[in-house]
Amino acid sequence: MILKIVFYPDPVLRKVGAPVNEVTEEIRDLSSNMLETMYDANGVGLAAQQVGEAIQLAIVDVSYNPECISYLRVNGENKTLEEISPLIFINPELELIGRKDTEVEGCLSFPDLQGDITRPFEVKAKVTTLDGEKLVIETDGLLARAIQHETDHLLGKLFIDRMSSAKKMASKRILKEMQAAFKG
Ligand code: NI
């Protein structure tokens, strides 16, 4: 089922997600609906907050572009993007590594806005799968960026918070229009 994607400035986007302690049938349904919703919207990541649920559940799939990373290790073993995608994870903890890198980002909760966002290029992510398996994911490039972007969502943080002040100024009109549309 395709869910309604929540747009800025819906307050649920600012909520810190509750940790998922038990993977219920409801959570499994939600994650499969989130996948359908993300693919339908041509996104590469989606957090539960973006469909109105403030819990620590997110999905990422960047496997359309196998060249977007230079390495991927899961629990110390080399993996391909295809093998781990789509990645559905709960309760992530991130260790940010390496040089910073700036790339254009978008977000399904901001359909008309894109901007350069600077983030660490590599990540070591400790996540849990829906089957309760603990994964340590080490990677770089777009997968590292997508995991960071989605984990931000789970903590109530949005990509506009990471924009340069110049870009934030330039985006003011779009954000105001979104605020007006939300109230209206
Ligand atoms: Ni987003």
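I started with arginine 173 and glutamate 177, which form a salt bridge with their closest N and O atoms 2.9 Å apart. I count a salt bridge when a side-chain nitrogen of Lys or Arg is within 4 Å of a carboxyl oxygen of Asp or Glu. The model is predicted: local features need pLDDT of at least 70, side-chain atom pairs count only at pLDDT 80 or more, and totals for chains, interfaces and linings use all residues. Residues are numbered from 1 along each chain as its sequence is written, and side-chain values use heavy atoms, with hydrogens and water left out.

Next I looked up where this pair sits. Arginine 173 and glutamate 177 are four residues apart in helix H5 (residues 172-183), so about one helical turn separates them. Helices (H or I, at least four residues) and strands (E, at least two) are DSSP runs, numbered from the N terminus. Arginine 173 is exposed at 55% relative accessibility. Glutamate 177 is partly exposed, at 46%. My cut-offs: buried is under 20% relative accessible area, exposed over 50%, partly exposed in between (1.4 Å probe, protein chains only).

How many salt bridges does a search of the whole structure find? I got eleven. One of them joins aspartate 161 to arginine 14, with the closest N and O atoms 2.7 Å apart. Aspartate 161 lies in the loop between H3 and helix H4 (165-170) and arginine 14 in the segment before H1, so this pair ties together parts 147 residues apart in sequence. Aspartate 161 is partly exposed, at 29%. Arginine 14 is also partly exposed, at 42%.

Then I checked arginine 145 and aspartate 101. Their side chains meet in a salt bridge (3.6 Å, N to O). Arginine 145 is in helix H3 and aspartate 101 in strand E5, so the pair ties together parts 44 residues apart in sequence. Both arginine 145 and aspartate 101 are buried.

Which residues coordinate the nickel ion? I found Cys107 (SG), His149 (NE2) and His153 (NE2), at 2.0 to 2.2 Å. Donors are N, O and S atoms within 2.8 Å of the metal (3.2 Å for Na, K and Ca); water is not among the atoms, so sites may look incomplete. Along the chain, the donors follow the spacing C-x41-H-x3-H. Cysteine 107 is in strand E5 (residues 87-107) and histidine 149 in helix H3 (residues 141-154), 42 residues apart. Are cysteine 107 and histidine 149 buried or exposed? Both are buried.

My last entry is on glutamate 26. It is placed in helix H1 (residues 25-40). Glutamate 26 is exposed, at 65% relative accessibility.
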